Amino acid sequence: MTMISSVLHKPLYLFVCLLLFSGGFCCAFNPMGQQNNRPQHFIPQSHHSHIANNMSDEFRIGYVADVEGHWGYFLEYVQRSKVLDWEEQDNHNKNFSSTTGITFQMLKLGPNTHFIYSGDSVDKGPGDIRLCRALVSLKKRYPDRVHLLVGNRDLNKLRFASELSDEDMSRPIDDIKRPFWDPDAKSYKEHLEEILQTCDCTLDQLNTKAERLRWMLKHTLGCPDTFEFRREEISIFKDEYGCYPPHSETHGSSPVHTDGTRASDVNGDTTEVTDDDVVNSFEYEINHPEGSLRQYLHHASIAAIIGNTIFVHGAIDRLTMRFVPSKHSKFELPTSPPPAFSEPSIETTDGTMINDVHEWVQSLNEYLQEGLRDFESRPYWNEERTSRGGEALLAIQNRPSMWGRSVVCNSYADGGVVATDHAEEQRRQALRVAEEELNPLAFEGIASNVFDQEPADWLLAHGIKRIVVGHKPTGDCPAVLSSAYTGVEVCSVDTSFARRRDISTGEKSNRFGVHRGDAIALVEIAGSDSHNNCLEISGTLADGTEYSSTHPLIGNHKETKTGDSILGRRTSDGWWIKASVSPGRYHLCKGNGRTVEYDTRSEKDLVLCPNNSRRQ
């Protein structure tokens with residue numbers, strides 16, 4: 001066996017899209033025809049060719065999750081996709097750009113295809129706004145075949161309306177506590193005191209809305225670089241359109257230079273974007289009805305079913321199955337007694353239990369829309385600061401608030417795979433602490449039991465044979481549990497922390513950011529129809545190696561044999577078989593927590609565990 005070490009230099013498929021809506025900011029246009037001093041990049045002329053791969057009547061679903069504002073990553077995903085492509089738009093919109101020689105394009109969906117974006121659209125790159133607007137435009141034009149799901153990073157931005165309001169800014173600094181779900185995080189005062197050590201000013205002088213937002217992003221939302229990413233993106237807008245947000249005529253359109261180039265994602269001068277501009281942008285994009293994230297949430301769902309496959313951001317386990325939280329759920333440590341953790345319950349005191357899977361999905365999605373209506377009607381705190389609109393949506397994206405029953409935030413992933421001894425022991429201890437000590441914080445960070453037959457049988461009884469999720473990283477390619485174990489195939493797709501530190505690939509390893517490295521995954525489901533299909537996964541590993549895997553057929557056509565039956569299986573020495581890197585050779589992974597190991601083996605060196613063995 002040999003460790004993976006090859007590096008393949010891939011062409012960088014570059015394209016541009018600034019998908020924009022009208023807004024409430026005033027701005028002045030740059031002089032028309034002004035020279036752009038940013039570097040230009042060639043757009044491959046064959047960028048439409050990939051969708052020709054689905055010219056047949058083959059049914060196909062495209063899936064991506066956790067792009068988190070990495071615009072360049074999404075562009076390459078579209079380049080590789082057999083479901084999405086770009087199409088030219090009328091050139092009348094060019095009059096609204098500050099740069100001459102601009103045409104406009106927008107995403108299009110191929111025939112007999114569906115597309116799922118599985119949540120977490122923002123936070124980790126300078127493309128939050130562009131990604132949200134591109135996805136919303138696609139959803140509006142293909143409402144029945146495009147599904148946008150909510151992730152925790154999408155829902156938790158509802159906090160900005162109340163927590164950045166003038167009323168909240170007037171609160172004493174000592175009253176701004178650390179987040180209740182993270183006892184190790186800094187309070188707002190501790191954050192300011194740390195800054196005081198390097199500047200000659202007072203706490204009151206530091207207590208600005210910009211600094212409050214920086215604290216929220218860094219210490220309560222887990223995205224310390226997002227403030228500066230937004231400054232970059234605003235600068236890109238001003239450079240391309242002359243103002244931010246651009247003219248309303250550019251709704252749903254993406255600017256592309258007609259000479260085959262696009263502007264770089266890094267603006268040459270971000271100094272013209274002030275801290276106040278950045279704060280205003282964060283508030284606008286969630287508070288204004290035409291804000292990009294507000295629009296995304298408005299058109300999104302918590303769960304979706306297409307044929308034999310169910311999609312959620314987090315996980316379906318014995319805690320989340322059947323459960324729909326109460327619309328009165330609070331974003332706080334619960335005071336209600338915990339549910340029964342050992343056995344799936346058909347009753348609950350803080351929500352509703354729904355046995356039919358399809359009705360359950362419908363009720364979850366109604367829960368989302370009702371929460372958004374609540375947010376729109378009262379986005380700020382009441383006078384006692386005990387209630388605000390959208391509180392139930394903040395609760396469902398927080399595991400302690402839900403006593404560990406968050407279909408948005410629960411997760412299968414651990415150590416780059418979907419099951420480890422480490423995760424099983426951690427889960428056992430968490431359930432004990434939760435029950436004996438009545439401590440909901442025990443659920444932070446644990447992994448769901450992917451081998452649990454109870455949720456699998458529940459799904460199978462309603463025709464669901466596959467679960468596809470995102471949310472928590474699974475190394476440099478998606479992690480799959482073969483249906484051979486429980487009858488339900490599980491695919492966990494997030495590759496947002498994929499960069500390998502055990503190898504050196506030079507600057508190229510930061511292609512999609514310091515955490516993603518070079519890794520990119522294309523997840524599609526293809527077959528004769530929505531009930532007879534295979535999981536197809538391809539892409540680039542963190543070291544540059546290309547892979548392409550077809551998993552076994554799931555459906556009623558038992559006479560048809562297709563796919564590789566050893567994918568998604570575990571070996572007798574604890575490795576998971578994740579991808580096929582060449583005929584007869586496989587990419588393997590094992591780990592625990594955030595520690596991930598990789599290996600490459602030939603088929604003759606693989607000894608599989610029995611299907612009923614959970615031993616690592």
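What follows is a short chat about a predicted model of one protein chain.

Reader: What counts in this model, and how is it numbered?
Author: It is a predicted model, where local features need pLDDT of at least 70, side-chain atom pairs count only at pLDDT 80 or more, and totals for chains, interfaces and linings use all residues. Residues are numbered from 1 along each chain as its sequence is written, and side-chain values use heavy atoms, with hydrogens and water left out.

Reader: How many helices and strands in the protein chain?
Author: There are 16 helices and 22 strands, taken as DSSP runs numbered from the N terminus (helices H or I, at least four residues; strands E, at least two).

Reader: What share of the chain is buried?
Author: Buried residues are 59% of the 616 residues, where buried means under 20% relative accessible area (1.4 Å probe, protein chains only).

Reader: Switching to H14. Which residues are buried there?
Author: Ala 423, Arg 427, Ala 430, Val 433 and Ala 434. They lie on the same side of H14, because they cover an arc of only 130° around the axis, the arc being that of the directions from the helix axis to the C-beta atoms.

Reader: And what comes after H14?
Author: Leu 438, with a positive phi near 50°.

Reader: How do the axes of H9 and H10 cross?
Author: The axes of H9 (residues 226-241) and H10 (residues 275-287) cross at roughly 90° and come within 9 Å. Axes are lines fitted to C-alpha atoms, for helices over the stretch in contact, with angles from 0 to 180 degrees between N-to-C directions.

Reader: Which residues of H9 meet H10?
Author: Among them are Phe 227, Arg 230 and Ile 234 in H9, and the H10 side includes Asp 277, Val 278 and Phe 282; contact means heavy atoms within 4.5 Å.

Technical notes:
Buried means under 20% relative accessible area, exposed over 50%, partly exposed in between (1.4 Å probe, protein chains only).
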